Amino acid sequence: MSRFDRFGLGLAKGLALTGKTLFSRPNITVQYPEQRLDVSRRLRGPELIWVSLKCTGCATCAKSCPQGSIQLVTSPELVDNKYQVEEFLVDHGRCMFCGLCVEACPFDALYMGRGYERAAYRRGDLILPKEKLQMSADRKPSAYCRPEMEAELPLQTLLVYGQTRAKR
Amino acid sequence: MDWLHWLFYVGVILGAVPVMVMAFIWLERRGLGRLQLRPGPNRAGPFGILQPVADAIKVLTKEDIVPVAGDHWVHFVAPLVVFAPAMLVFTVIPFQEDGGLVRGLVPDLNIGILYIVAVSSISTVGVFMAAWGSNNKYSLISAFRSMAQVVSYEIPLALAILGVVLAAGTMSLTGIVQAQAVPFIVMQPLGFIIFFIAATAELNRTPFDLMEAESEMVAGYHIEYSGMKFALFYLAEYAYTVGISAIAATLFLGGWKAPWGVGPQVGVLWLVVKILLVFMVILWIRGTFPRVRVDQLMGFAWKFLFPLSLINIFIIAAESLAWPGLPWWLLFPNTAIALVLVVVWSGLFRLGGGRVQV
């Protein structure tokens, strides 16, 4: 067949291919607000999740942050042999999501999140206090740099889990 | 009543063409999307049907920017010079048979097709004016390319039309439609192929859209235009596409005639259906083929289309002499000749330059 490739066969092949896609129902584009792709559960997503029970207030995260976007204030005295975290502020507008704080945390109290819709209308809204940094239904922790969490996840070859097609 | 006729049809053409253009823009964007595995515009209205309206409103409210160093008057007049011929093409298209309700503005013009060939090349002047008035290097390169392209492709286009004129024995578009007992697309397939390719190049549509090659010269000749003037260019481009589709439908697909005489005898309906068909094929080609290089463009026009169109004319002329009235069975030899010539000739001609090994 290659003999006829120079005689316009390639053109016919191309037309046949596009003609086929015209009559099939292609749906590659994800209609974003209505449909979402599943993201990897190992994602280093653009949010931080703080677990208050594990946190000792050691401020290792604040020291490791290259941007200085974590502010941590503890109580001056020990309560139950533990410093109480009075203030834990993360400026997500300044954070570059390098994950160094998550890697540095000696007590696994910080996680990267899996969400990706963290836009805000005001810069002030990007500075999250400790109440808003907690884990919740739409703030799920990812297994980034948490090997014990990652061990429970199924192996994956691509970034996107199972469902590569759009979900309604 | 004469002035009423003129007023009515000028109104019809000025109203119907932009509406058709809007419909075709929607069709093109949706169809192109489907060809390329994406949905196309689907937010404005059901199936994105209001997208052209939204685009029109957007473009009309944009600021009109005139380059300071440009030629202001030429810059101002250029969109009109491009737009007017695109509308003028429709004046001679017959919508319906004699005695029909809507026949067209001047459907019986005895030099109809010559008029179309003459008028449609005016828009190139407008393109060059736009490029010159913009004082922009990309615009000017684009206009040079457009000139070279149009001059090269005008010849096979006119020669392919000449085959139709020879077969019909008249230049009037009404006469040409009446002469098509069998549509000329089956009687002269070679002529149709040449006409179609040359027309696509005349329209500067995708396989031949060197003059507005986005990756090379941003947007080509209308790079410095915005607002209403840009809208006029856009409108003219699509109006001209509709016009060429209408000419192809009239010359080769039997114009207003219902296929095999069956179906409702409403000429306008069939004409619109045929225009739509031709437009869909242009769209299909746009969604499939990549842009040609300049040397491929020129080589294709002069080494492939030009000789084949000459051969086509000689075949049609000989057939008209031997069998006056061109009986329907001539479609078999003509189809065979077209197939053999296209296949053989595509292997024969060589492209100079470039990196292609031939």
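**View 1. The contact between chain A and chain B.** Chain A gives 12 residues to the contact and chain B gives 13 residues; two residues are in contact if their C-beta atoms, placed from the backbone, lie within 7 Å. On the side of chain A that touches chain B, 5 residues are nonpolar, 6 polar and 1 charged. Ala, Val, Leu, Ile, Met, Phe, Trp, Tyr, Cys and Pro count as nonpolar, Asp, Glu, Lys and Arg as charged, and the others, Gly among them, as polar. This is a predicted model, in which local features need pLDDT of at least 70 and side-chain atom pairs count only at pLDDT 80 or more, while totals for chains, interfaces and linings use all residues. Residues are numbered from 1 along each chain as its sequence is written, and chains are lettered from A and ligands numbered from 1 in the order in which they are written. The model has an ipTM of 0.72 and a pTM of 0.79.

**View 2. The open sheet of chain A.** In chain A, 3 strands form an open sheet with antiparallel pairing, in the order β2-β3-β5. β2 (70-79) and β5 (127-128) of chain A each have a single partner strand and stand at the edges, so one side of each is left without a neighbour in the sheet. Strands (E, at least two residues) and helices (H or I, at least four) are DSSP runs, numbered from the N terminus. Two strands pair if DSSP finds at least two bridges between them.

**View 3. The partners of β3 in chain A.** β2(A) and β3(A) are antiparallel and pair over 7 bridges. A:Thr74 has A:Val85 in β3(A) as its bridge partner. The hairpin of β2(A) and β3(A) has 2 residues between the strands, and A:Asp80 in the turn has a positive phi of about 55 degrees. Strand β3 (residues 82-91) of chain A is also joined to β5(A), antiparallel, by 2 bridges. There, A:Ile127 in β5(A) is opposite A:Asp91.

**View 4. The helices of chain B.** Chain B has 14 helices and 0 strands. Its radius of gyration, 21 Å, is close to the 21 Å that the globule rule gives for 358 residues, so chain B is as compact as a globular protein of that length. The radius is taken over C-alpha atoms, and the rule is 2.2 Å times the number of residues to the power 0.38. Chain B averages a pLDDT of 84, with 95% of the residues scoring at least 70; pLDDT is the predictor's confidence in each residue, from 0 to 100. Among the elements of chain B, helix α9 (residues 189-202) has the highest mean pLDDT (90) and helix α10 (residues 214-217) the lowest (75).
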